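Could we walk through this structure together, one question at a time? Here it is.

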Amino acid sequence: MNELLVDKLNDVLQQLKRTFIGKDDIIDLMGICLAGRENLFLLGPPGTAKSAMVRALAARLDGRTFEYLLTRFTEPNELFGPFDIRKLREGDLVTNTEGMLPEASFIFLDELLNANSAILNSLLMVLNERIFRRGRETRQLPALMIVGASNHLPEDEALQALYDRFLVRVKCDNVDPQQLSAVLQAGWSMEMAATTTPGISSDEILQLQQQIGQVNLDDIRPAYLTLIQQLRNAGLQVSDRRAVKLQRLIAASALICKRSTARISDMWVLRHIWDTEEQQPIISAIVNEVVNKDTDPEKEHPRAQHSGLPDADEIYKELQQMTSQWDDTTVGPAERAAIKDRLRYLNGRCEWISNETQRGFVMQPIDALWKKIMQES
């Protein structure tokens, strides 16, 4: 294993985490997908730094990048390039791909789910097999990673196939209000920053990706098989193809931790294979039960023990403090505005508590505090 390359990739991820406060989970998943040569789908409303994060990662990779905002009217030429007129005069149907998607090592397709039928089939081959095919022309692509983004999930059945080609899905939301001050500072620093210099080259990423096959998965395969069966029994559609490909991400988790053998905790990446937002807490609960069996925290991926699920007890304690604060007549308007913002955030987090009893337990003080706020406004 070339640990120097792992260090270079981790340095890039750390730089991103310092810039994008509260987005560590997304950045870690981008690193996993980059090392594992898999696609990542970002779901989130506008203004939550989806595009900025992807561009910042692209800026730190020394290689060709391609970014495009898809619309319902996007034509193949806009992604893959026009036909070469000189070759066409000679009777050859060849695409001039200079500066277009087929030549890029890092690809970002914004508003991915606007893809129309004219480009759908071509994109499916690009995403799944890294192959560009047009007429009789077939070409292997150098793409190391493809990121798609959207502010909604697919509603059209035809787009499900496109969505399915993204092995990892991650939600990108506004950060916790308590981190807003740090976000403002980091955002302002980014405005002042000099030009970003690449931290790792495309060739080096390719070398890392080639090391994935050297990671030993034998020890965790029985547990992985059981986990896949549990997820299927819970109603999640994990196809054989996805189950096979997910092993690359488990291996990538081990590789980033400089291990040549995967551990049970490396299966944390399976928390992010949901199809709908409602599935997220269910899948996280199933995966966490398996990941928590790994009792040795040494050298496990830092994301393994961050389930992303809210702690009902911690939220309840915080709500008690917020209620006392609100009742304090000396608290000023700025603090009261912060309490309302935080309460709105916690209200959203409570939807992720899968245990109904615990959810009801914390929703009572939330509703009570909202009632007080409404009465005083």
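This is a predicted model: local features need pLDDT of at least 70, side-chain atom pairs count only at pLDDT 80 or more; totals for chains, interfaces and linings use all residues.

Student: How many helices and strands does the protein chain have?
Tutor: Helices (H or I, at least four residues) and strands (E, at least two) are DSSP runs, numbered from the N terminus. By that reading, the protein chain has 15 helices and nine strands.

Student: What is the radius of gyration of the protein chain?
Tutor: The radius of gyration is taken over C-alpha atoms, and the globule rule is 2.2 Å times the number of residues to the power 0.38. For 377 residues, a compact globule would come out near 21 Å. The value for the protein chain agrees with that: 23 Å.

Student: In what order do the five strands of the open sheet lie?
Tutor: Two strands pair if DSSP finds at least two bridges between them. Here the pairing is parallel, and four bridges join β1 (residues 40-43) to β7 (residues 145-150). The order is β3-β4-β7-β1-β8.

Student: Which are the edge strands?
Tutor: An edge strand in this sheet pairs on one side only. Those strands span residues 65-69 and 168-171, and they are β3 and β8.

Student: Which residue in β7 stands opposite F41?
Tutor: Strands of a sheet pair through backbone hydrogen bonds, either parallel or antiparallel. β1 and β7 run parallel. Opposite F41 stands G148.

Student: Is L167 buried or exposed?
Tutor: Buried means under 20% relative accessible area, exposed over 50%, and partly exposed in between (1.4 Å probe, protein chains only). L167 lies in the loop between α7 (157-164) and β8. Because its relative accessibility is 2%, L167 counts as buried.

Student: Which residues does L167 touch?
Tutor: Contact means heavy atoms within 4.5 Å, and residues up to four places away in sequence are not counted. On that basis, L167 touches E38, N39, R242, K245, L246, L249, H272 and I273.

Student: And L184, is that residue buried or exposed?
Tutor: L184 lies in helix α8 (residues 180-192). The C-alpha atoms of L184 and I21 are 9.2 Å apart, although 163 residues separate them in sequence. With a relative accessible area of 58%, L184 is exposed.

Student: How many disulfides does the structure hold?
Tutor: A disulfide is a covalent bond between the sulfur atoms of two cysteines, and here the cut-off is a pair of sulfur atoms within 2.5 Å. The cysteine sulfur closest to that of C33 is in C172, and at 14 Å it is too far for a bond. C33 is buried at 0% relative accessibility, and C172 is buried with a relative accessible area of 0%. The number of disulfides is zero.

Technical notes
Residues are numbered from 1 along each chain as its sequence is written. Side-chain values use heavy atoms; hydrogens and water are left out.
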